[in-house]
Amino acid sequence: MFRSALCLIALLTPVAAAGCGGDGLNRGAVAGRVTLGGAPLAKGRILFVPVSPNSGPAASAIVVDGQYTLDRAAGPIVGQNRVEVEAELDLGFALDDEAAFAARGGKPLPPNPIPPAFNKQSTLAVEIQAGETTNFDVAIPAAGQTASAYR
């Protein structure tokens, strides 16, 4: 009986340790600032997507008043990551609230203040370090400053 209990403990210990450490992926912590036209981005999201040969899930953090942080447990995969920034549009209602959207009378949504070169078409990249917090700031030019640069 005692021997069976020891065998069970020996088998379960690695499983328990893996569960405490998260998903078992090699992740790093990251923090920084996001500015738009020199001012802190009020609300948004920053996304870190592993670049080959790295693989794994993307990691994202909410940006509030220009600040974001991800601890190691939820952070991006260590190594090279492509970075995307999204602004949260203040519509006065949730984006998936169809009744509120219909009440707008078909008016289009306001334009995204983040230029494509900083979101879906982003070429921004950062090397996430293991064992330390990587500091990564993103300075996005204002719409007027980027209009000629991205035509």
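1. A contact here means heavy atoms within 4.5 Å. On that basis, residues 24 or more positions apart account for 68% of the contacts in the protein with a separation of 6 or more.

2. The structure is a predicted model, in which local features need pLDDT of at least 70 and side-chain atom pairs count only at pLDDT 80 or more, while totals for chains, interfaces and linings use all residues. Residues are numbered from 1 along each chain as its sequence is written, and side-chain values use heavy atoms, with hydrogens and water left out.

3. The protein has 3 helices and 9 strands, taken as DSSP runs (helices H or I, at least four residues; strands E, at least two) and numbered from the N terminus. Their order from the N terminus is α-β-β-β-β-β-β-α-β-β-β-α.

4. Of the 151 residues, 28% count as buried. Buried means under 20% relative accessible area, exposed over 50%, and partly exposed in between (1.4 Å probe, protein chains only). The accessible surface comes to about 9500 Å², with 59% belonging to carbon and sulfur atoms; areas come from the Shrake-Rupley method with a 1.4 Å probe, and for residues only the protein chains shown count as cover.

5. The salt bridges deserve a check. There are 3 in the structure, each defined as a side-chain nitrogen of Lys or Arg within 4 Å of a carboxyl oxygen of Asp or Glu. Arg-82, Glu-84 and Lys-120 are linked in a network of them. Glu-84 meets Arg-82 at 2.5 Å, N to O, and Lys-120 with closest N and O atoms 3.8 Å apart. The pair of Glu-84 and Lys-120 links distant parts of the chain, strand β6 and the loop between α2 and β7, 36 residues apart. Glu-84 is buried at 5% relative accessibility, Arg-82 is partly exposed at 24%, and Lys-120 is exposed at 60%.

6. Lys-43 forms a salt bridge with Glu-88, the closest N and O atoms being 3.8 Å apart. This pair also links distant parts of the chain: Lys-43 is in strand β3 and Glu-88 in the loop between β6 and α2, 45 residues apart. Lys-43 is partly exposed, at 45%.

7. β6 and β7 pair in the antiparallel sense over 4 bridges; pairing requires at least two DSSP bridges between two strands. Ala-125 in β7 is the bridge partner of Arg-82.

8. Leaving out residues up to four places away in sequence, Asn-119 touches Arg-82, Glu-84, Val-85, Asn-112 and Ile-114. Gln-121, in that loop as well, is exposed at 59%.

9. A search of the whole structure finds 1 aromatic pair. The ring centres of Phe-48 and Tyr-68 are 6.1 Å apart and the planes lie at 45°, so the pair is tilted. For pairing, the centres of Phe, Tyr and Trp rings (for Trp, the six-membered ring) must lie within 6.5 Å; planes under 30 degrees apart count as stacked, over 60 as edge-to-face and the rest as tilted. Phe-48 is buried at 0% relative accessibility, and Tyr-68 is buried at 4%.
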